[in-house]
Amino acid sequence: MRGNSRELRAAQVALGTLGIFLEVELAVEDRYYLQEQITYPTWAETAATWQADIDGNRHYSFLWCPDNGSCELLDLPGSPGQSMANRSYTKRYNIADVQDEREISGTEGARLDRSYRIYPGGFTTPFHELEYFVPSEHGLAAVEAVQDLIRTKHSDQKYPVEVRWVKADEGYMSQFQGRDTTVITLTTEPGTDYWPFFRDADAVLQEFEPRAHWGKIHFMTRSRLERLYPELDTFIQIRREFDPRGMFLNDHTRALVG
């Protein structure tokens, strides 16, 4: 598979769904350095600089906190001396020109280091998630719809809502296929009855044509895929070529792309 071949576009997001691959060749990019900036704006401030932050940063994301205790649920440092209720834990990352590695800094909230040390990260507490992807032009309205749902019907949901952006790509089954995307991640505590919240969030977001993260909780159906993925038929045809007897489908994937 090379370039923008139909097989590569099918495998971009769904390598395992296509069948068995014995070899994958990866292209390696040059290393670069990132400067980190962590801030704690109010929601009004976050909304006011929405498009400027998207356009002005290489990587931009935030976690909106519905409650003062939201940050600690994901072991995030809050804003010293301020309530985090209705504030955003905001992350900006931009390429930095580093000539000497002695310039590397570990100051909290303003680190400077190689990209692979700065950008990756994870939360230390266990959680369950629903992650949906809406067209970027509808991102602000979609986030505010989720906020309204939490405030009015699911005020027991205290976890931060994570929001980030990804540029369009060409993968047939990619969540970003053909459209710049706002990613909205809803996090809940394992062992709790979060299904009513997730179902209501799914319903609220439907007007924004959301796609779903395939590895997380979602409510996607074949009819939704047919509406949201214009090249679904091409993907199904290619996967049949790789796996004509459907040996690598399970009940879940068979209902979606079988």
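Visitor: Where is Glu209 found?
Guide: Glu209 sits in the loop between α7 and β8 (211–212). Keep in mind that this is a predicted model.

Visitor: Why is Glu209 called partly exposed?
Guide: Buried would need under 20% relative accessible area, and exposed over 50%. Glu209 has a relative accessible area of 30%, so it is partly exposed.

Visitor: What is the phi of Glu209?
Guide: About 55°, a positive value, although Glu209 is not a glycine. Asn86 also isn't a glycine, and its phi is near 65°, again positive. Asn86 lies in the loop between α4 (70–73) and β3 (87–96).

Visitor: And what makes Asn86 count as partly exposed?
Guide: Its relative accessibility is 31%.

Visitor: Why does Phe248 count as partly exposed?
Guide: Phe248 comes out at 40% relative accessible area, and the cut-off for exposed is over 50%, so it stays partly exposed. Phe248 is in the loop between α9 (232–242) and α10 (251–257). From Phe248 to Gly258 is 10 residues in sequence and 10.0 Å in space, C-alpha to C-alpha.

Visitor: Back to α7: how do α6 and α7 cross?
Guide: The axes of α6 (residues 139–152) and α7 (residues 195–205) come within 10 Å and cross at roughly 145°. The crossing is right-handed.

Visitor: Which residues of α6 and α7 meet?
Guide: On the α6 side, Ala142, Ala145, Val146, Leu149 and Ile150; on the α7 side, Phe197, Asp200, Ala201, Val204 and Leu205. By class, that contact has 9 nonpolar, no polar and 1 charged residues. Asp counts as charged, so Asp200 in α7 is a charged member of the contact.

Visitor: Which residues of α6 are buried?
Guide: Gly139, Ala142, Val143, Ala145, Val146, Gln147, Leu149 and Ile150.

Visitor: How many helices and strands does the protein have?
Guide: There are 10 helices and 8 strands.

Technical notes: Residues are numbered from 1 along each chain as its sequence is written. This is a predicted model: local features need pLDDT of at least 70, side-chain atom pairs count only at pLDDT 80 or more; totals for chains, interfaces and linings use all residues. Side-chain values use heavy atoms; hydrogens and water are left out. Axes are lines fitted to C-alpha atoms, for helices over the stretch in contact, and angles run from 0 to 180 degrees between N-to-C directions. Helices (H or I, at least four residues) and strands (E, at least two) are DSSP runs, numbered from the N terminus. A crossing is left-handed if the near helix is turned anticlockwise from the far one by less than a right angle, and right-handed if clockwise. Contact means heavy atoms within 4.5 Å. Buried means under 20% relative accessible area, exposed over 50%, partly exposed in between (1.4 Å probe, protein chains only).
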